[in-house]
Amino acid sequence: MHRPARRAVSHGIPTHMFALLLSLLLASLPIRANATETVEVRGATFAIEVEEAGQVYRLIGHGLFRYMIWTAYAGAYYQADDQPAPAPLSSVPRRLELEYFHAIEADDLAAATRDSVRERLGEPAYRDLLPGLNAFNRAYRSVEPGDRYALIWDGEALFLVLNGETLYTGDDTALAKALFGIWLGDSPLRDDFRDALLGRR
């Protein structure tokens with residue numbers, strides 16, 4: 001005996017109505033944060049999460065760096081996803097991204113880095129770091145508006161990355177601490193920028 005086809009949905013609800021109700025239900029569910037979510041700082045967008053070489057970095061804070069009357073760059077600071085408390089001078093995996101609003105020559109970036117490290121460390125410690133610092137500074141390239149540098153410590157190595165291209169790799173933990181300290185240490189270039197990066201404001 002031929003049996004009539006069973007309804008796709010019980011209780012007499014037509015299939016197309018069931019599909020509509022299901023889509024409305026799914027649309028109402030919360031969406032979990034993912035790497036496509038961003039924050040914006042004066043036109044510069046930074047991801048909430050960054051995954052690189054199997055390491056997930058979670059955004060801690062973001063802000064603007066102002067120098068005199070100029071807004072120089074936007075920045076974002078990240079740490080390993082399992083290290084939520086800010087620890088920028090520790091050995092935890094971390095990254096600092098800076099997107100520039102003005103053109104800067106490579107030599108000027110190197111000179112500013114050298115002078116900033118010397119001022120914060122003092123002469124003896126600066127001299128100890130000088131060979132590694134010089135190698136790091138030689139990797140700089142000039143930037144145009146919209147270019148982005150990333151300073152990364154992955155727990156084992158230090159990287160300088162420009163627009164996704166790795167320019168420098170090293171393993172000096174003291175150099176990494178000194179470089180992150182320029183913006184995130186006890187005597188940073190600007191207190192307000194450090195506090196914004198560390199999520200304090």
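This is a short talk on the fold of the protein shown above.

Good morning. The structure is a predicted model, in which local features need pLDDT of at least 70 and side-chain atom pairs count only at pLDDT 80 or more, while totals for chains, interfaces and linings use all residues. Residues are numbered from 1 along each chain as its sequence is written, and side-chain values use heavy atoms, with hydrogens and water left out.

I begin with the overall layout. The secondary structure comes to five helices and nine strands. Here helices (H or I, at least four residues) and strands (E, at least two) are DSSP runs, numbered from the N terminus. Read from the N terminus, the elements follow the order α-β-β-β-β-β-β-α-α-β-β-β-α-α. The protein has 201 residues, of which 41% count as buried. Buried means under 20% relative accessible area, exposed over 50%, and partly exposed in between, with a 1.4 Å probe and protein chains only. A contact means heavy atoms within 4.5 Å. Among contacts between residues at least 6 apart in sequence, 53% join residues at least 24 apart.

Next, the strands. Two strands pair if DSSP finds at least two bridges between them. Strands E1 (residues 38-41) and E2 (residues 44-47) run antiparallel and are joined by four bridges; Thr38 has Ala47 of E2 as its bridge partner. The two strands form a hairpin with two residues between them, and Arg42 in the turn has a positive phi of about 45 degrees. Which residues of E1 lie on its covered face? They are Val39 and Val41, whereas Thr38 and Glu40 are on the uncovered face.

Seven strands make an open sheet, in the order E3-E4-E5-E6-E7-E8-E9, with antiparallel pairing. Its edge strands are E3 (49-52) and E9, each of which pairs on one side only. From one strand to the next, the twist averages 25 degrees. Axes here are lines fitted to C-alpha atoms, for helices over the stretch in contact, and angles run from 0 to 180 degrees between N-to-C directions.

Let us follow the sheet from E3. Four bridges link E3 to E4 (residues 55-67) in the antiparallel sense, and Glu49 stands opposite Arg58 in E4. In their hairpin, with two residues between the strands, Ala53 takes a positive phi near 50 degrees. E4 is then joined to E5 by 10 bridges, again with the strands antiparallel. There, Tyr57 has Ala80 of E5 as its bridge partner. The hairpin of E4 and E5 also has two residues between the strands, and Met68 takes a positive phi near 55 degrees. E5 (residues 70-80) and E6 (residues 94-100) are antiparallel and share seven bridges, with Tyr78 partnered by Arg95 of E6.

I turn now to the helices. H3 (residues 123-138) bends by about 60 degrees at Leu130, and a proline, Pro131, follows within four residues. The bend at a residue is the angle between axes fitted to the seven residues ending there and the seven starting there. Buried residues of H3 include Tyr126, Leu133 and Phe136. The buried residues of this helix pack against H2 (106-121), E7 (148-153), E8 (158-162), E9 (165-170) and H4 (173-184).

How do H2 and H4 meet? Their axes come within 10 Å and cross at roughly 90 degrees. H2 is therefore roughly perpendicular to H4, a description that covers angles of 65 to 115 degrees, while angles under 35 count as roughly parallel, over 145 as roughly antiparallel and the rest as oblique. Thr113 is one of the H2 residues in this contact, and Leu179 is one of those from H4. Thr113 counts as buried because its relative accessibility is 5%.

Finally, the interior. A nonpolar core is a set of buried Ala, Val, Leu, Ile, Met, Phe, Trp, Tyr and Cys residues joined through side-chain atoms within 4.5 Å. The largest such core has 38 residues, and Phe136, Tyr149, Leu158, Leu179 and Trp183 have the most contacts inside it. H4 gives the most to this core, with eight residues. A second, separate core of 16 residues includes Val41, Ala47, Leu59 and Val161.

Val161 is in strand E8. Why does Val161 count as buried? Because its relative accessibility is 10%. The C-alpha atoms of Val161 and Tyr149 are separated by 5.6 Å, although the two residues are 12 apart along the chain. Thank you for your attention.
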